[in-house]
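Please open the model in your viewer and keep the sequence panel beside it. The tour below goes from the whole chain to single residues, one selection at a time.

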Amino acid sequence: WVASSFSQALLSFFGLQTQLVWREFPHLITPAFDAEINEICWGKIEFSILAGIIFASADRSLRQRIAGYAAGVALLAFAFNPLRIALSLYFIHPIIHDVLFRLMLVGMLVGYYAFWYLLWSGKKR
């Protein structure tokens, strides 16, 4: 729901009106496309990798790891992932979709982890 609804809102902001239709998975539909927002789209891989890298940081407290994971999930779910989906659909090009997916998978996760590990979780609590 989050990925499809927030992506639809961003597409609307970009000037592209879509219809959100619920089938087995949500679909964002225009006359030009019918985009299924499935498990891969909503961040399942990113959430799993984020959990792995955050919780593997044994030199941080469990409290810091839980907070870091929760903040990362929120950032992925409500900002980065809907933006990636919206841009992919706005430009409707497979290369843009693939590049944005990989940038997010690597760039956002590594960037967030560096921010969390070096700045946020290193503070005294």
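What share of the contacts in the protein chain with a separation of 6 or more is accounted for by residues 24 or more positions apart? The share is 55%, where contact means heavy atoms within 4.5 Å.

Before selecting anything, note that this is a predicted model, in which local features need pLDDT of at least 70 and side-chain atom pairs count only at pLDDT 80 or more, while totals for chains, interfaces and linings use all residues. Residues are numbered from 1 along each chain as its sequence is written, and side-chain values use heavy atoms, with hydrogens and water left out.

**The whole chain**

Show the C-alpha trace of the protein chain, which spans about 55 × 25 × 25 Å along its principal axes. Colouring by secondary structure brings out four helices and three strands, in the order α-β-β-β-α-α-α along the sequence; helices (H or I, at least four residues) and strands (E, at least two) are DSSP runs, numbered from the N terminus. Of the 125 residues, 34% count as buried, a class that means under 20% relative accessible area, with exposed set at over 50% and partly exposed in between (1.4 Å probe, protein chains only).

**Helices α3 and α4**

Select residues 62-91 for α3 and residues 94-120 for α4, two helices that pack at an angle of about 155° with their axes 10 Å apart. Axes here are lines fitted to C-alpha atoms, for helices over the stretch in contact, and angles run from 0 to 180 degrees between N-to-C directions. The two helices are therefore roughly antiparallel to each other, since angles over 145 degrees count as roughly antiparallel, under 35 as roughly parallel, 65 to 115 as roughly perpendicular and the rest as oblique. Their contact has 16 nonpolar, six polar and two charged residues, with Ala, Val, Leu, Ile, Met, Phe, Trp, Tyr, Cys and Pro taken as nonpolar, Asp, Glu, Lys and Arg as charged, and the others, Gly among them, as polar.

Stay on α3 and pick alanine 71, which is found in this helix and is partly exposed at a relative accessible area of 32%. Leaving aside residues up to four places away in sequence, alanine 71 touches Tyr112 and Trp120.

**Helices α1 and α3**

Next select α1 (residues 2-13), whose axis comes within 8 Å of that of α3 and crosses at roughly 60°, an angle that makes α1 oblique to α3. Among the residues making this contact are Phe6 and Leu10 of α1 and Phe78 and Leu89 of α3. By class, the contact of α1 with α3 divides into 13 nonpolar, two polar and no charged residues.

**The salt bridges**

Finally, display the side chains of the two salt bridges in the structure, each being a side-chain nitrogen of Lys or Arg within 4 Å of a carboxyl oxygen of Asp or Glu. In one of them aspartate 34 pairs with arginine 23, with the closest N and O atoms 3.1 Å apart. Aspartate 34 lies in strand β3 and arginine 23 in the loop between β1 and β2, so the pair ties together parts that are 11 residues apart in sequence. Aspartate 34 is partly exposed at 42% relative accessible area, and arginine 23 is also partly exposed, at 47%.

Aspartate 59 and arginine 60 meet in a salt bridge at 3.4 Å, N to O. Here aspartate 59 counts as partly exposed at 48% relative accessibility, whereas arginine 60 is buried at 15%.
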